[in-house]
Amino acid sequence: MTEQPLKVLQIEDNPGDARLVLEMLAEAGAAGFEVEWAERLQEGLKRLASEPADVILLDLELPDSAGLDTLIRTREAANGIPIVVMTGIDNEATGVTAVKNGAQDYLVKGRVDTSLLTHSIHYAIERQRAEKQLREAELRYRTLFEQSPDGVLIIDAETMLPIEFNDVACLQLGYSRNEFARLKLTDYEASETAAQTASHVEKIKESGSDSFDTRHRRKNGEIRDVRVSAQALELAGRPVLYCVFRDITERLGMFKEIEDKRRQTADLAFSLAVERDTREAIMENTPEANLVYFDRDFNFVMVNSTYAESCRMTKEELLGKNHFDLFPHAENEAIFTQVRDSGRPVEFKEKPYEFPGQPWRGVTFWDWTLTPVKDPRGDIEGFVYSLVDVTEKVRSRELDEALTRISMTVNATLDFDDILPRVLDEAAGVIGAQSALFLLTKGEGLAVRHIWGKADDSPPGTLFSSREAPISATVLKTGKPVAVSDVAHDERINAGLMDRHGVLSVLVIPLFVRSKTVGVIILRYHSTMIEFSQAWIDFAEKLGLLISLAMENASLYQNELSARAQIQSHANQLSLLHKIGLSLNTETSREKLLETVLQGAAVITSAGVGAMLLIENGRTNLVSLYYAPWYEERCTIDDDASGLHRRVERLAKKTDKDTLRITDFASLEKALAFPPGHPGLNGLLVGTLRDIRGRARGYVMLSHKAGGGSFTGEDEEIMSLLAAQSSVALASAENFEREHRVAETLQAALLPATPIRDDLEIGLVYQSAAAVSRLGGDFYDFIDLDGGKLAIVIGDVCGKGLEAAKSTAMVKYSLRAYVTENSGPGECLSRLNVSTGQQITMEKFVTAGLMIVDPAHGAISYASAGHPAPIIIEKRQPRLMEINQSIPLGVLPGYDFSSTRLDTDKGTTLLLYTDGLLEARPREGEPFGEQSIVSSCTKLHDLPTQAFAEALMGEALKYAGGRLRDDIALLVIRLK
């Protein structure tokens, strides 16, 4: 007959997790499980109501319910169906609470595989069934006990006090339950003396049972005839009497009552037997846990098979024995005693334990609980001891963590001699090896390359043949690690060699380079034989791969070091040539340019000494000398080096190239004819700098190549390239200097001095972006007008240098002409726009702001041609002036610019500036911007105008880190 599949209801909101469970259950067997999936709790409970399941897989975190409330709601609706919590909450306390609230198991997502999931489902169902049977048995027992028409009483045979009793017993004697609990049997026995009653109890204990008639005294003194049925039992190792008594004073229906009583007694005995069998069934059907029931003195009363097998003993060898006689452990005994004294359970996670007399097992780890079992009065009668062996889990975690640390070590350096001892130390520590050998193949055998741990008489260099090391030969052949627990009785082992070194167990790991076995690592154990687990074998295999990777990386690294050095040398030369080229393209100082060429040529060619000669007006001057840091000699050359020039020129005429390379030291010294005492030259490399007409302008001279070698053809090519680049750069630098002098003269004329007036206070700051020059496109001007008015111009011409200065002059003087005709700012800029468009190309655009200040009437008029709006400070409050937005000059010839008029009071301050102030910024950051300018004005408005301007410029420079991207012109005007 085909077994019906188990119906599984999965309540899970994550489709991926739901699909994973379905795949795992399908992997377990196509017909084993039938899965229904609900994404929400409400949906799952609805399905449960319509079609019951065998088991429920429940996620605690759902869209419509979260936490333990999800479990409680599901348990209330499940009607006894087992629940397995499967959630992402990895919290031990939550798991314990979930189990206490009715979950049969608690699984954490990501740590569940097919075997664990299917076992958990089956065990949950079986545990639920067992618990149901136990509850039913207890219910039958309690029902019989409480609903019996007779008085039912369990009496302690030694103290004569009741252990348990029903309400009928109290009612028959007329006592409350609290009163009855304190009565001894002799307090209400009316037919016997206390001594006779004690003797009667002893007889019942000897015979096992007795039925007799006696008389009981009620609380009110009334004497009643009763029929008693007593049975001697043992409860938790204590003798008790189970008594059923009925009032037979009226003796009506006496025979029927006696028959009923016997039947009920038999049923009760059967219930107690069922309860005992149920407990045994639960213990045996919980194979994942070691379960024990102890008496008060920690003697074994009941154990399951799992516990007996774990101890490697039989149940018969355990039962009746004391736990700490068999397994002495002072710490655990103190814990057990504390539980007995306090009555509170304890729980431990991953507690280490070493079995006495079983050292080969090493340190084991256990999750365990000890829970006291109490009688109705609260007295401890025994203990439930539950243990789960988590040794493999702990060791697997330790091995994984060790592999992670080893991987980090391997990846941290390419020095294999540094890696190996650190790796062996880590690996041996986690799997307990006392020594290790690292051997590499050599010819037909293996050579010792490294020893770790215990001293060895096989030093590095010792060679072993395949016959001397057969186990290593096997590993080399198979490429798989081999573990041998007992080397003395394994035919693959050279037992004599192992005995000589005191080795009891070994773990041999293969090493690879490019998929070929090249050696082994032997981990050795000297103090005890080891039972190697599969986890250790897997660890060894991964360890071998990591060490092999380190070997291969180190080999590749060493092979490439020389190639890298050569490549790096060429790269350094190219990089330096590139830097010199950039410097030549940007350097405007002739002296610095020539110094850069000399130093760069000397560094690239590894010259110890160099000189730069420049020819001017028929005279040859020494511009620069260079000495390498390692070159110790020094010499003196006159600033007028014309004589040296002529001698070098004679040598240069012997070749048609711009470079000269001489390696004949003797002829070199004779040709140059140095004065007495001058250090001799060790080779000579000369490059000729020429002007645009091809005439010699100077020479780069190098000597004393590092290491005593000669200059090479490659050095000569580098010198030729540098000489050609330097010739062009020298001409450009000289042209720049000429233009620079003209432009600076013009620029100085374009930046007028600050006017001095009684009705206005004016502050002025101009800051060029180039630290060595004031050349720039920013400009300003002051124009006195009729009626005491003052026209103030501020602007920016795109570009720098002479061309920008010429454009600036055109704009300023054109605007002066228009303003003096008493035109308004907007009209002036409109006329200027026409002339600018005719004289300046589109890409050389101009921005300008024109303000006319009438101090006598407190009036201001302003027009802008694409220029930033001024800032007005009135009554200590700065704000941007509202102006009509416009375009730069010369963009649209017919564009009309408009004016903005503003009436103001004395004390008003005006700030005009170019956009370099707005754009000031650090190397990587936001620009200074309008908001920062306004904020600065708030702090600085009380300062005198010149101090105001200088402080504001200082804040912008500080914000930009001392380097500006563009020039800044800044004017502060205050009405007195």
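Author: Helices (H or I, at least four residues) and strands (E, at least two) are DSSP runs, numbered from the N terminus. The expected span of a helix is 1.5 Å times one less than its number of residues. This is a predicted model, where local features need pLDDT of at least 70, side-chain atom pairs count only at pLDDT 80 or more, and totals for chains, interfaces and linings use all residues. Residues are numbered from 1 along each chain as its sequence is written, and side-chain values use heavy atoms, with hydrogens and water left out.

Reader: How many helices and strands does the protein have?

Author: The secondary structure comes to 28 helices and 38 strands. Of the 976 residues, 47% count as buried (under 20% relative accessible area with a 1.4 Å probe, protein chains only; exposed is over 50%, partly exposed in between). Contacts (heavy atoms within 4.5 Å) can be sorted by sequence separation: among those between residues at least 6 apart, 58% join residues at least 24 apart.

Reader: Take helix H16. What distance does H16 reach from its first C-alpha to its last?

Author: Helix H16 covers residues 416-431, which is 16 residues, and reaches 22 Å, close to the 22 Å expected at 1.5 Å a residue. Its buried residues are Phe416, Ile419, Leu420, Val423, Leu424, Ala427, Ala428, Val430 and Ile431. These cover an arc of only 160 degrees around the axis, which puts them on the same side of H16; the arc is taken from the directions from the helix axis to the C-beta atoms. Just after H16, Gly432 has a positive phi of about 75 degrees.

Reader: At what angle do H15 and H16 pack?

Author: Axes are lines fitted to C-alpha atoms, for helices over the stretch in contact, and angles run from 0 to 180 degrees between N-to-C directions. Here the angle is about 175 degrees, with the axes of H15 and H16 10 Å apart. The two helices are therefore roughly antiparallel to each other (under 35 degrees counts as roughly parallel, over 145 as roughly antiparallel, 65 to 115 as roughly perpendicular and the rest as oblique). On the H15 side the contact is made by Glu398, Leu399, Ala402, Arg405, Ile406, Thr409 and Val410; H16 brings Ile419, Arg422, Val423, Glu426, Ala427, Val430 and Ile431.

Reader: Which strands does helix H15 lie across?

Author: H15 (residues 391-412) lies across E15, E16 (363-374) and E17, running at about 140 degrees to E16. These strands belong to an open sheet of five with the order E14-E13-E17-E16-E15 and antiparallel pairing; two strands pair if DSSP finds at least two bridges between them. Strands E14 (300-303) and E15 (346-354) are the edges, each pairing on one side only. Neighbouring strands of this sheet are turned by 25 degrees against each other on average, direction ignored. Inside the sheet, E13 (residues 290-295) and E17 (residues 380-389) pair in the antiparallel sense over six bridges, and Val292 has Tyr385 of E17 as its bridge partner.

Reader: And which strands does H16 lie across?

Author: H16 lies across E18 (435-442), E19 (445-453), E22 and E23, at about 70 degrees to E19. That sheet is open and has six strands in the order E20-E19-E18-E23-E22-E21, with antiparallel pairing. Its edge strands are E20 (463-464) and E21 (482-484). Nine bridges join E22 (residues 505-513) to E23 (residues 516-525) in the antiparallel sense, with Val508 opposite Ile522 of E23. Helix H17 (residues 470-478) lies across E18, E19, E21, E22 and E23, running at about 135 degrees to E23.

Reader: Which way do the residues of strand E37 point?

Author: In a regular strand the side chains alternate between the two faces of the sheet. In E37, Thr909, Leu911 and Tyr913 point one way and Leu910 and Leu912 the other way, and all are buried. E37 (residues 909-913) pairs with E34 (residues 871-874) in the antiparallel sense over three bridges, and with E38 (residues 968-975), also antiparallel, over five bridges. Thr909 stands opposite Ile873 and has Arg974 in E38 as bridge partner.

Reader: Is Met160, with its positive phi, buried or exposed?

Author: Met160 has a phi near 65 degrees, positive in a residue other than glycine. Met160 sits in the loop between E8 (151-156) and E9 (162-165) and is buried, with a relative accessible area of 11%. Glu350 has a positive phi of about 55 degrees, although not a glycine. Glu350 is found in strand E15 and counts as partly exposed at 24% relative accessibility.
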